[in-house]
Amino acid sequence: MRIAVSADEVAGVAELIGAELARRGHEVQLYGALVPGERADWAWCSEAAARAVVEGRADQAVVACWTGAGASIAANKVPGVRAALCTDAVMADGARKWADANVLALSLRLTSEPLLGEMLDAWFAGEPSADPVDRENVAHVADI
């Protein structure tokens, strides 16, 4: 799977995200502070990773900033993105299941290396729900 990864600073687990995804066999595309000389501000790098998803250059994305909130907000401004700010594996699983999230937003402040692994396990094991009510909710988000 092709995964776009952005971070606005090289702090916390920022550098570990891409390395862990590559270890799992994914093709990783880096943005922001993870690329020397690229604009690292959270709004710009999160947008770049989100656009990679909607333009078909990536299948999913992981965006990160200190709190994760800004990265999530910026990514969600890109039409077609459903970014979910997750702080644990239960949230990551639920975001994939009920919201069919295609972008995982993380906090560089709160996410430890073991927690990152657990969230990625849940994220990639998660499948979008086939329940008609859940599908209707996802469709409604696209219409908003």
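**Close-up views of a predicted model**

**View 1. The loop at Glu 55.** Glu 55 sits in the loop that links helix H2 (42-54) to strand S3; helices (H or I, at least four residues) and strands (E, at least two) are DSSP runs, numbered from the N terminus. The model is predicted, so local features need pLDDT of at least 70 and side-chain atom pairs count only at pLDDT 80 or more, while totals for chains, interfaces and linings use all residues. Residues are numbered from 1 along each chain as its sequence is written, and side-chain values use heavy atoms, without hydrogens and water. The side chains of Glu 55 and Arg 57 make a polar contact at 2.6 Å (a pair of N or O atoms within 3.5 Å; within protein, one must be able to donate a hydrogen and the other to accept it, and residues adjacent in sequence count only if both atoms are side-chain atoms).

**View 2. The open sheet.** Five strands with parallel pairing are arranged in the order S2-S1-S3-S5-S4; two strands pair if DSSP finds at least two bridges between them. Strands S2 (27-32) and S4 (83-85) are at the edges with a single partner strand each, so one side of each has no neighbour in the sheet.

**View 3. Strands S3 and S5.** S3 (residues 60-65) pairs with S5 (residues 103-107) in the parallel sense over five bridges. Ala 64 has Leu 106 in S5 as its bridge partner.
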